[in-house]
Structures are given as structure tokens and as C-alpha cells.
Amino acid sequence: MTTLTTIPDSDMIRVAQQAQRLTSPTTLQNPPSAASTGDSFVNSSSTLQKPIQLGFNPKTQESTSPIDTSNIANTNVKQFRPIDPAQLDSKLEGVLKGQGANFVSIGQKYNIDPAFLAAIAMLESGNGSSRAAKEANNVMGVMTGSGASQIKDFARVEDSVEYMAKELTDPQGYYSKANTIAEIHQIYAPEGANNDPNGTNGGWGQNVAKFYQEFLA
């Protein structure tokens, strides 16, 4: 599968936004909700290349801790959990339909739970129905630069999933110490962001946890 090039400084998404949050919460920008209808798009002209590997061997890291279904938000999702792609596909619709195998392969490659990636995509794209998903193959709410109104364009749906999987598992990145849905929520979609006028970011973690649990049912 063709994969993404190393992310340039000028094309950071929530990582740059998190850096702003650490120093000035009032200036933070983060992706709009999946229901947003005012998206504008920026074409990405960079050549897709093999991304930097993170130095893990999925075959030796597939042992996982048990999931506490009563406390999904505090489940460690930064580890690969095998799941039947058909189980994911049974819930995915729109441009996400048939992407189950890609979620699994990307999850294994980056040692992150495929069901978690799929849950983010469901929420951020309105289960494959948002304008960003249909016109820009962007199902993960990925922004370009630090602007609040520009959605990054991808060649394929799976490219946007891999882009975010790489960000979430970067050992030197802003998600490096965030391992649970609740922890990732505070960086991925913090409350009070400038481009969240309707306050929907507050429910991000709860909704991702809901979709995640549905995949496991």
C-alpha cells in the first residue's frame, strides 16, 4: 500500500495546535466536527512515500491487556488488537465502507488499535458522509497548517487514516504520553478550541468510546 511522506513542519495538524494550547489555550485551532458544512480544501502535492518505521515488530507485540467494557474511555488503545475486518465493515458506511482491512493493516503497522482508528473515522466523517470525507478523502479531521478552515486533501481514504495513525504513535510527538481515549481526547479535540463554536468537542471522547465499544460487541 502506498503510504505517506514524513510530515513537514508547515503541514502539521493537531500537533501544531497542541503546541499552541500548551502556551495559549485561547488561540488553539482543531478540526471541525464531522457535521461541519463549511469545509475548504487544500490539495497536497507531496509525493507519497514509505513513512518512517517506528521500530516495533507487530508479531511480538500482539499480546494485549483486557478491555474493561465498563470503562472504555480509559482503555489503552495504543497497542494492536487483532479484529476481523468484517467486524469493522459491518458498522462502516459511505466512503468508509469496505475499509476494514485497511484499518487492521494500518493498526498493525503502527501498533495501535484498529477499532479505535475506525471509531475516530466514524465520528470525524459522520461515518463516511461528510464533505471532507467525500471530496478530500479525509476521514480523520486532519487540518493543514494551523488554519481553522482548511481540510487536508488525501489521494485515498486510507492515506488519511495512516497519516493520523502515524501522528498518534509518534514516540516524540504530542500524543506520546496519551494512551487512552480520554487522554487522547484532550489533545485531539480539546474543549474551547476556536473552531468549535458549538462546543461539540466536549463529547468527542464519549462518542469515540461509544463507536469503539460497538466495534467490539
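In this tour, two residues touch, or are in contact, when they have heavy atoms within 4.5 Å of each other. Keep in mind that the model is predicted.

**Stop 1: Phe 211**

Select Phe 211, which lies in helix α8. Is Phe 211 buried or exposed? Phe 211 counts as buried, because its relative accessibility is 16% and the cut-off for buried is under 20%. Now show its contacts. Leaving out residues up to four places away in sequence, Phe 211 touches Ala 119, Met 122 and Leu 123. Phe 211 and Ala 121 are 90 residues apart in sequence. In space, their C-alpha atoms are 9.8 Å apart.

**Stop 2: the whole chain**

Zoom out and colour by secondary structure. The protein chain has eight helices and two strands. Follow the elements from the N terminus: they run α-β-α-α-α-α-β-α-α-α. How many of the 217 residues count as buried? The share is 50%. Look at contacts between residues at least 6 apart in sequence: 69% of them join residues at least 24 apart.

**Stop 3: the nonpolar core**

Next, select Phe 116, Met 140 and Leu 168. These residues have the most contacts inside the largest nonpolar core, which has 45 residues. Several helices each supply at least two residues of this core: α3 (100–110), α4 (114–124), α6 (157–169), α7 (181–188) and α8 (204–216). Which helix gives the most? It is α4, with nine residues.

Stay with Leu 168 and show what surrounds it. Set aside its neighbours within four places in sequence. Leu 168 is then in contact with Lys 78, Ile 112, Phe 116, Leu 117, Ile 120, Tyr 175, Ile 184 and Tyr 188.

**Stop 4**

Two packed helices are described by the angle between their axes and the distance between the axes.

*α4 with α6.* Select α4 and α6. They pack at an angle of about 120°, and their axes are 11 Å apart. The two helices are therefore oblique to each other. α4 passes α6 in a right-handed crossing. Show side chains where they meet: Phe 116, Leu 117 and Ile 120 come from α4, and Val 161, Ala 165 and Leu 168 come from α6. By class, this contact of α4 with α6 has six nonpolar, no polar and no charged residues.

The angle between α3 and α6 is about 25°, with the axes 10 Å apart. That makes α3 roughly parallel to α6. Their crossing is right-handed. On the α3 side, pick Asn 102, Phe 103, Ile 106, Lys 109 and Tyr 110. On the α6 side, pick Glu 158, Val 161, Glu 162, Ala 165, Lys 166 and Thr 169. How many charged residues does the contact of α3 with α6 have? There are four, along with five nonpolar and two polar residues.

*α7 with α8.* Move on to α7 and α8. These helices pack at about 135°, with their axes 9 Å apart. That makes α7 oblique to α8. The crossing of α7 past α8 is right-handed. From α7, select Ile 181, Ile 184, His 185 and Tyr 188. From α8, select Trp 204, Gly 205, Val 208, Ala 209 and Tyr 212. By class, the contact of α7 with α8 has seven nonpolar, two polar and no charged residues.

**Stop 5**

Most residues other than glycine have a negative phi. The last two selections have a positive one.

Where does Asn 111 lie? Look in the loop between α3 and α4. Asn 111 has a positive phi near 55° and is not a glycine. With a relative accessible area of 14%, Asn 111 is buried.

Then select Asn 137. It lies in the loop between α5 (131–136) and β2 (150–152). The phi of Asn 137 is also positive, at about 55°, although the residue is not a glycine.

Methods: Residues numbered from 1 in each chain as written. Predicted model: local features only at pLDDT ≥ 70, side-chain atom pairs only at ≥ 80, totals over all residues. Heavy atoms only, no water. Core = buried A, V, L, I, M, F, W, Y, C linked by side-chain atoms within 4.5 Å. Buried < 20%, exposed > 50% of the residue type's maximum accessible area, 1.4 Å probe, protein only. Helix = DSSP H or I, 4+ residues; strand = E, 2+ residues; numbered from the N terminus. Axes fitted to C-alpha atoms, helices over the stretch in contact; angles between N-to-C directions. Parallel < 35°, antiparallel > 145°, perpendicular 65-115°, else oblique. Left-handed = near helix turned anticlockwise from the far one by under 90°. Nonpolar A, V, L, I, M, F, W, Y, C, P; charged D, E, K, R; others polar.
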